[in-house]
Amino acid sequence: MSIRQIMAGCALALLIGCGQGTSTTNQQGNVSGAVDARAIDRGDAVGETTIWDAFRRQNTETVVSVNKYIWSASLEVLDFLPVQSVDPFTGVIITGFGTPPGGGRAYRATVLINDPALDARSLNVSLQTRNGPASAATVRAVEDAILTRARQIRIADGRL
């Protein structure tokens, strides 16, 4: 056999492997397992996906709620830090390094507010010093200060 005949045989085998192969005929004579091309165009093919599904526009209107009291309290408590990035829609506050009043160590913070509830689970604070992460006690103290201030702002707002 020549190389040309072997290549032609491999190509034929690949071509045969690309066929439908999985369709069967039921008692009514309908073909099951095959998908009608018109159903794909209409989007009616159940359980069938194509390469074009990756390019279809998905729902991009995701709503994330942020607790306004925790948001305001975070900005107030961390007002000694220079703000680098603020995104009220996702609830992220990123600051640069700054020294707290009466302190000697510089900190930077990243705050995530991921729930509309005025609750400790809604607040995630990450503190970092120039030498590495801040102690857990320091992070807990900052979280407590933010939550205490948030409750004070809510009480002053008068909408309980």
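Which two strands form a hairpin, and which residue in the turn has a positive phi? Strand 3 and strand 4 do, with four residues between them, and the turn residue is Gly91, at a phi of about 80°. I'll come back to that hairpin.

Ground rules. This is a predicted model: local features need pLDDT of at least 70, side-chain atom pairs count only at pLDDT 80 or more, and totals for chains, interfaces and linings use all residues. Residues are numbered from 1 along each chain as its sequence is written, and side-chain values use heavy atoms, with hydrogens and water left out.

The overall layout, then. The protein has four helices and seven strands. Helices (H or I, at least four residues) and strands (E, at least two) are DSSP runs, numbered from the N terminus. The order from the N terminus is α-β-β-α-α-β-β-β-β-β-α. Of the 160 residues, 22% count as buried. Buried means under 20% relative accessible area, exposed over 50%, partly exposed in between, with a 1.4 Å probe and protein chains only.

Five strands form an open sheet, in the order 3-4-5-6-7, with antiparallel pairing. Strand 3 and strand 7 (132–133) stand at the edges with a single partner strand each, so one side of each is left without a neighbour in the sheet. For pairing, DSSP must find at least two bridges between two strands.

Strand 3 (residues 83–87) and strand 4 pair over four bridges, antiparallel. Val83 has Thr95 as its bridge partner in strand 4. Asp87 stands opposite Val92.

Which residues of strand 4 make up its covered face? Ile93 and Thr95 do; Val92 and Ile94 make the uncovered one. In a regular strand the side chains alternate between the two faces of the sheet.

One more point on Val83. This strand 3 residue is partly exposed, at 46% relative accessible area. With Leu75 and Val86, Val83 makes a nonpolar surface patch of about 210 Å². Patches are made of residues with over 30% relative accessible area and no salt bridge; like charges are joined within 9 Å, nonpolar side chains (Val, Leu, Ile, Met, Phe, Trp, Tyr) within 5 Å.

Next, helix 3 (residues 68–77). Its buried residues are Tyr69, Ile70, Trp71, Ala73 and Ser74. What do they pack against? Strand 3, strand 4, strand 5, strand 6 (123–129) and helix 4 (136–157). Contact here means heavy atoms within 4.5 Å. At the start of helix 3, a side-chain oxygen of Asn67 comes within 2.8 Å of the backbone nitrogen of Tyr69. That is a polar contact: a pair of N or O atoms within 3.5 Å, where within protein one must be able to donate a hydrogen and the other to accept it, and residues adjacent in sequence count only if both atoms are side-chain atoms.

Ser122 counts as buried, at 1% relative accessibility. Its side chain reaches the backbone oxygen of Ala117 at 2.7 Å. Among the residues Ser122 touches are Ile70, Leu112 and Ile113.

Last topic: salt bridges. How many does a search of the whole structure find? Three. The criterion is a side-chain nitrogen of Lys or Arg within 4 Å of a carboxyl oxygen of Asp or Glu.

Lys68 and Asp157 meet at 3.9 Å, N to O. This pair links distant parts of the chain, with Lys68 in helix 3 and Asp157 in helix 4, 89 residues apart. Glu76 bridges to Arg149, with the closest N and O atoms 2.6 Å apart. Glu76 lies in helix 3 and Arg149 in helix 4, so this pair ties together parts that are 73 residues apart in sequence. Glu76 is partly exposed, at 37%, and Arg149 is partly exposed too, at 29%.

Asp119 and Arg121 form another, at 2.6 Å, N to O. Asp119 is partly exposed at 25% relative accessibility, whereas Arg121 is exposed at 69%.

Definitions and conventions. Areas by Shrake-Rupley, 256 points an atom, 1.4 Å probe, with all protein chains shown as cover. Lists of a residue's contacts leave out its neighbours within four places in sequence.
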